[in-house]
Amino acid sequence: MAGDTASASTPEARPEIGVLALQGDVREHLSALRAAGASPRPVRRPEELAAVAGLVIPGGESTTISKLAVAFGLLEPLRARVAEGLPVYGSCAGMIMLADKILDPRSGQETVGGIDMIVRRNAFGRQNESFEAAVEVAGVPGGPVHGVFIRAPWVESRGAGAEALAAFQGHPVAVRQGNLLATAFHPELTGDHRVHGLFVAMVRAAGR
Ligand code: GLN
């Protein structure tokens with residue numbers, strides 16, 4: 001019966017979305033994705049990456065995530081899946097992982113890339129290492145989201161293909177390019193699942 005098998009493209013379907021589980025706030029993203037209508041699972045191995053319809057790269061420490069992605073044999077498969085159009089959402093360190101270029105990388109620090117932007121790590125400076133602010137995000141209806149910034153990056157510059165969805169203090173802090181979404185802040189820590197909802201909608205649309 002048609003109604004029994006909701007395909008990935010129907011609004012009722014819970015798309016299988018992975019959370020890169022090498023380091024960072026994996027559990028929070030798994031629950032935010034579940035609340036936003038996805039069927040989430042941790043991804044640590046290339047076979048697990050191959051099986052998901054979308055991926056979240058969590059916040060944490062981008063240098064560590066980069067090293068572990070290489071050690072787990074995931075960096076090249078990640079680049080390949082991004083090149084094929086896999087929807088990926090990166091928050092904070094995850095935003096850094098999606099940048100084509102880091103302004104101030106640690107030596108040997110790699111990114112997956114895909115968003116035509118240069119990010120500055122720990123951009124808000126010492127005085128402002130962690131702070132919270134209301135951020136209006138294009139594509140997220142219902143008023144500003146509560147942005148939790150923890151040693152967050154900002155977008156220093158970007159190409160025409162990278163659309164700024166939100167800015168704070170004059171710098172883009174949410175960006176979308178095609179199937180890739182990145183925020184400098186951590187919506188998974190707030191209980192507000194609208195940003196994850198936007199990403200789940202992107203995954204559903206990509207499955208069409
Ligand atoms: N400053 C961290 C980095 O460079 C990011 C911090 C975070 O993800 N909360 O990776």
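Close-up 1. Strands (E, at least two residues) and helices (H or I, at least four) are DSSP runs numbered from the N terminus. Arg151 has a positive phi of about 45°, although it is not a glycine. This is a predicted model: local features need pLDDT of at least 70, side-chain atom pairs count only at pLDDT 80 or more, and totals for chains, interfaces and linings use all residues. Residues are numbered from 1 along each chain as its sequence is written.

**Close-up 2. Cys92 in its loop.** Cys92 lies between E4 and helix H5 (93-98). Its phi is also positive, at about 55°, and Cys92 is not a glycine. Cys92 is buried, with 29 other C-beta atoms within 10 Å.

**Close-up 3. The annotated active site.** The unreviewed UniProt entry places the feature "active site" at Cys92, His186 and Glu188. They span 97 residues in sequence, yet no two of their C-alpha atoms are more than 11.0 Å apart, so they gather at one spot. Such annotations may be inferred rather than shown by experiment. His186 is in the loop between E12 and H6, and Glu188 is in the loop between E12 and H6. His186 is buried, with 26 C-beta neighbours inside 10 Å. Glu188 is buried, with 29. Beyond four places in sequence, His186 touches Gly59, Ser91, Cys92, Val148 and Ile150 (contact: C-beta atoms, placed from the backbone, within 7 Å).

**Close-up 4. The ligand shell.** Residues around the ligand include Gly59, Ser62, Cys92, Arg121, Asn122 and Arg151 (near: C-beta atom, placed from the backbone, within 6 Å). The shell divides into 4 nonpolar, 4 polar and 3 charged residues. Ala, Val, Leu, Ile, Met, Phe, Trp, Tyr, Cys and Pro count as nonpolar, Asp, Glu, Lys and Arg as charged, and the others, Gly among them, as polar.

**Close-up 5. Helix H6.** H6 (residues 194-206) has 13 residues. Its buried residues include His196, Phe199, Met202 and Arg204. Among the elements covering them are strand E1 (16-20), helix H1 (26-35) and strand E12 (180-183).

Note on methods
The expected span of a helix is 1.5 Å times one less than its number of residues. A residue is buried if 20 or more other C-beta atoms lie within 10 Å of its own, exposed if 12 or fewer, and partly exposed in between; C-beta atoms are placed from the backbone. Two residues are in contact if their C-beta atoms, placed from the backbone, lie within 7 Å.
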